[in-house]
Amino acid sequence: MFSTVLVANRGEIACRVLRTLRTMGIRSVAVYSDADRSAKHVMMADSAIRIGPAPSQSSYLSVDAVIAAAKASGAEAIHPGYGFLSENAEFATACAEAGIVFIGPGVQALEIMGDKIRAKAEVSARGVAVIEGTDGAGMDDAGLIAAASKIGYPLLVKPSAGGGGKGMQVVNAAGELPAALATARRIAAAAFGNDTLLLERYLDTPRHIEVQILADNAGTVIHLGERECSLQRRHQKVIEEAPSPLLDAATRARIGEAACEVARSVDYRGAGTVEFLVSAAAPGDFYFIEMNTRLQVEHPVTELVTGIDLVEWQLRIAAGEPLAMGNLPIVGHAIEARVYAENAARGFLPSTGTVLLLDEPGEQGARGLPASGVRVDSSLLPGLTIGGDYDPMLAKVIAHGGDRAEALRRLDAALAGMTVLGVHTNIEFLRALLADGAVRAGDIDTGLIERALPGIRFRQPDPAMLAAAALHVHSARWTAARPPWHEPTGWRIGAARQSSYRFAIGATDFVDVLVGGAPDAATVTVGDGDPTAARLLPLPGGSVSMEYGGHERVIRLAQRGRSIWLGDRGFSCELVLRTREEQLADLLASTTRAVGTASPDLRSPMPGTVVAVEVSAGDTVSAGQVLLTVEAMKMEHKLLAPVAGVVEITVTPGDLVALDQVVARISPPETASPEAGKASDPTNDPTKE
């Protein structure tokens, strides 16, 4: 067995691998970019080496930097995790040339399965069914457009390299295809360094089912059952489970053997996942779509139903050990939910920030079944800065139960007990999704989330939470050790006037809260509501006891500057205290625009980088026209004109933008340039008599 292993990754997967290395007594080496200097995986490792600046191309995707770090650390092997260089054949070759073991399959498997076009041809020749699509490599846009007419619509545009759903575009009609190809190529080039695309027929109500395999160097291949990964958004998995509620025993055996045959076709070794599409209407038919030649994000559900540590077996196989077991029995049911840094209530846009308060449920064991039935794989730490340079996944919460119903209950309870304040997350959405009737019944497919979204109502801070925020601010002012006339609280000689606090919820919504009296015995008026008795008592660990209208509850609370974050059973929100100057600006803005009309300011809905600007300053645009594209956390978002008029662009490609930053303004055509019209009219020329 190896004595030193370098983990060439970051985030929760690096932490996950490091736990197994520690359990096995293997010295661990982490690598980090400048953005990750204080990351959790850096602290967990026995040693850590800087490999470059924040951009992944200059750090985690730099083969030379990672190899140099491995040599400097004395590592005998490199575990690539998933993403980044995990499926990169050139990296595996560089490891071999440097005398370092790549913990993964051989170069042949990486090259064939890393090219979805070659992979489909390889497995089809072995009798495994594949989905209809393009079969020629290196096709340009014209060739793909011609091929699409033969495949028919709807179809799926996919990058041939890489995985994780990045760059995939669903196209429902021919007119949508050119734009989809452009977007897919741009994302594929940035994420994988390869913009080759392929097309596939898009199945109606498909289910995404994958099979975990292990293969040793002697040619033994086993499968460890399947995982259901059909709950997806933008082709990114959200919730996964094992086993699938769809398959019967006979189909499970057939799909497992098909996965093993796929692995044998490329002389596979190590851990891998073979992915299939299964029609919900015909669950006995399944089609190969790709093989992920690495560990998967959702591997913990397989670990919990089989009782083995997949990372440990990756290490053992890479060190030359033979498999010591056959196909294992599946015990119980496991479900995983991915916690992302994203604002579900604002279209699931990426979110950045600093973790101010953190509650994580369950135990942190790397292998086996935790006694509580809940496991958390996480990269989170209090004080950690979440930037926009990398994937938005922060953690995974996994629950095991004797059956599916018990696993669902445990997972929902665990999510209710998880709090992350300081950055928006999708925890509230995950709980709402788990409560959906179709999800609970196991009647799911890859389009279910999009169909369910219109029926999901995201919470807003209720009066008790708004009162808690106001009393928290009021308490700090109440106890300030300076004369009261230094604080603009409304204090005066004689009867005290109520203090007024205005909070912003998002960019345009505001709520006023009036507070009278001491924080532990106050009268609070929220918005247009009635005055209500309230009191706030601090509790240890960042909680407050809020009594409002005779009802008491515990609310999680954290503050940074003028931002106050509140958490309650999976729900969290940010309230920003408005200054008096900002309140005046709010009033002026509301008086200069007619009631019910859209704002002429276009704001970035997420922090990120401007990757494309589609118009020029002075252009006349229509409402809904694409003005520019912002990218963050490997996701692109097109910004549309809110109203018609003449546009003023305030950014250029490559600019970094903040959440809610104004990136364009639109003036009505008739008021955009009044002097221009006069100059063009000879009757208005003052030089003529």
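Predicted model: local features only at pLDDT ≥ 70, side-chain atom pairs only at ≥ 80, totals over all residues.

Modeller: Residues are numbered from 1 along each chain as its sequence is written, and side-chain values use heavy atoms, without hydrogens and water.

Biologist: How many residues are in the largest nonpolar core?

Modeller: A nonpolar core is a set of buried Ala, Val, Leu, Ile, Met, Phe, Trp, Tyr and Cys residues joined through side-chain atoms within 4.5 Å. Buried means under 20% relative accessible area, exposed over 50%, partly exposed in between (1.4 Å probe, protein chains only). Ile386 is among the members touching the most others, along with Ile239, Leu380, Val397 and Phe429, and the core's total is 41 residues.

Biologist: And how many residues does the second, separate core have?

Modeller: Ala14, Ala77, Val297 and Met325 are included in that second core, and its size is 32 residues.

Biologist: Is helix 11 largely enclosed or left open, and why?

Modeller: Helices (H or I, at least four residues) are DSSP runs, numbered from the N terminus. The buried residues of helix 11 include Trp313 and Glu312. Since 7 of its 9 residues are buried, helix 11 (residues 310-318) is largely enclosed.

Biologist: Which residue with a positive phi follows helix 11?

Modeller: Phi there is near 100°. The residue following helix 11 is Gly320.

Methods
Helix = DSSP H or I, 4+ residues; strand = E, 2+ residues; numbered from the N terminus.
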